[in-house]
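Visitor: Please take a close look at the salt bridges, and then go on from there to the strands and rings. Give the cut-off for each term as you use it.

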Amino acid sequence: TSAMASNKDYVFAGFNPGKLYRSTNNGDNWSYPANNGLTTNDVQNIIATDSKLFVGTSSGVFYSSDNGDNWRNTGFNNFVLDLTYNGSFLFALVNGPWPHYSRIYRSSDNGLNWITVYDAEPEHWLRSITSSGNNIFTGGQDNILYSSNNGSNWETINSGYPPLQPL
């Protein structure tokens, strides 16, 4: 299992390699939804709300409004390392190839359009992202960043955070 999420009706499990499975009885039994339109076999992460389901993959972000039976490729075709959704905005964290970079993108329309809200300095990779209301948190090898306005501005909040130690 590479990712899990739940809403009021289902528990979802994503696989890499593999697609998405769901359970209606808290995991006692699993079914394979139709997954129509989910054109990749590597679910990296899942966001589930009562009416929306997003998966991040190596081929981008996919959106379902029917709990995984049918999917729409949002057109965001980057390798998605992590996703978060705060009820208003969807955020995608991506890491690129050399010269290593991390970027955070934001969408206000279920992934149809994206804007860049954060570009990390080269070699400062971010690994995860989460949200609590309008507050967005992201962290990586040597820092934790915080935004109180949906990614418009960021500040480093490293007090007590251990730096990456060389091997």
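Guide: Asp119 and Arg103 form a salt bridge, their closest N and O atoms being 2.4 Å apart; the term requires a side-chain nitrogen of Lys or Arg within 4 Å of a carboxyl oxygen of Asp or Glu. The pair links distant parts of the chain, with Asp119 in strand β11 (residues 115-119) and Arg103 in strand β10 (residues 101-107), 16 residues apart. Strands here are DSSP runs of E of at least two residues, and helices are runs of H or I of at least four, both numbered from the N terminus. This is a predicted model, in which local features need pLDDT of at least 70 and side-chain atom pairs count only at pLDDT 80 or more, while totals for chains, interfaces and linings use all residues. Residues are numbered from 1 along each chain as its sequence is written, and side-chain values use heavy atoms, with hydrogens and water left out.

Asp119 counts as partly exposed because its relative accessibility is 45%, and Arg103 counts as partly exposed at 26%. The classes are buried (under 20% relative accessible area), exposed (over 50%) and partly exposed (in between), with a 1.4 Å probe and protein chains only.

By the salt-bridge rule the count comes to 3. In general, side chains of opposite charge can pair when their charged atoms come close. Another salt bridge joins the side chains of Arg22 and Asp69, at 3.0 Å from N to O. This pair also links distant parts of the chain: Arg22 belongs to strand β3 (residues 20-23) and Asp69 to the loop between β6 and β7, 47 residues apart. Arg22 has a relative accessible area of 12%, so it is buried, whereas Asp69, at 25%, is partly exposed. Lys8 and Asp9 form a salt bridge too, with their closest N and O atoms 3.7 Å apart. Here Lys8 is exposed because its relative accessibility is 61%, and Asp9 is partly exposed at 41%.

Now the strands. β4, β5, β6 and β7 make an open sheet of 4 strands in the order β4-β5-β6-β7, with antiparallel pairing; two strands pair if DSSP finds at least two bridges between them. β4 (43-48) and β7 (72-73) are the edge strands, each pairing on one side only. Strand β6 (residues 60-64) runs antiparallel to β7 and is joined to it by 2 bridges. In this pairing, Arg72 of β7 stands opposite Tyr63.

Ile129 stands opposite Thr138 in β13. The hairpin of β12 and β13 has 2 residues between the strands, and Gly133 takes a positive phi near 65° there. β13 is joined in turn by 4 bridges to strand β14 (residues 144-147), and the two run antiparallel.

Asn95 has its place in strand β9 (residues 90-96). Asn95 counts as buried because its relative accessibility is 14%. Its side chain makes a polar contact of 2.3 Å with the side chain of Ser102. Such a contact is a pair of N or O atoms within 3.5 Å; within protein, one must be able to donate a hydrogen and the other to accept it, and residues adjacent in sequence count only if both atoms are side-chain atoms. A polar atom of the Asn95 side chain also lies 2.9 Å from the backbone oxygen of Leu126. Not counting residues up to four places away in sequence, Asn95 touches Phe79, Leu81, Tyr101, Ser102, Trp125, Leu126 and Arg127, where contact means heavy atoms within 4.5 Å.

A search of the whole structure finds 10 aromatic pairs. Among them is the tilted pair of Tyr10 and Phe12, at 5.7 Å centre to centre and 40° between the planes. Rings of Phe, Tyr and Trp (its six-membered ring) pair if their centres lie within 6.5 Å; planes under 30 degrees apart count as stacked, over 60 as edge-to-face and the rest as tilted. Tyr10 and Phe12 are both buried. Phe15, Tyr21 and Tyr32 are linked into a cluster by ring pairs.
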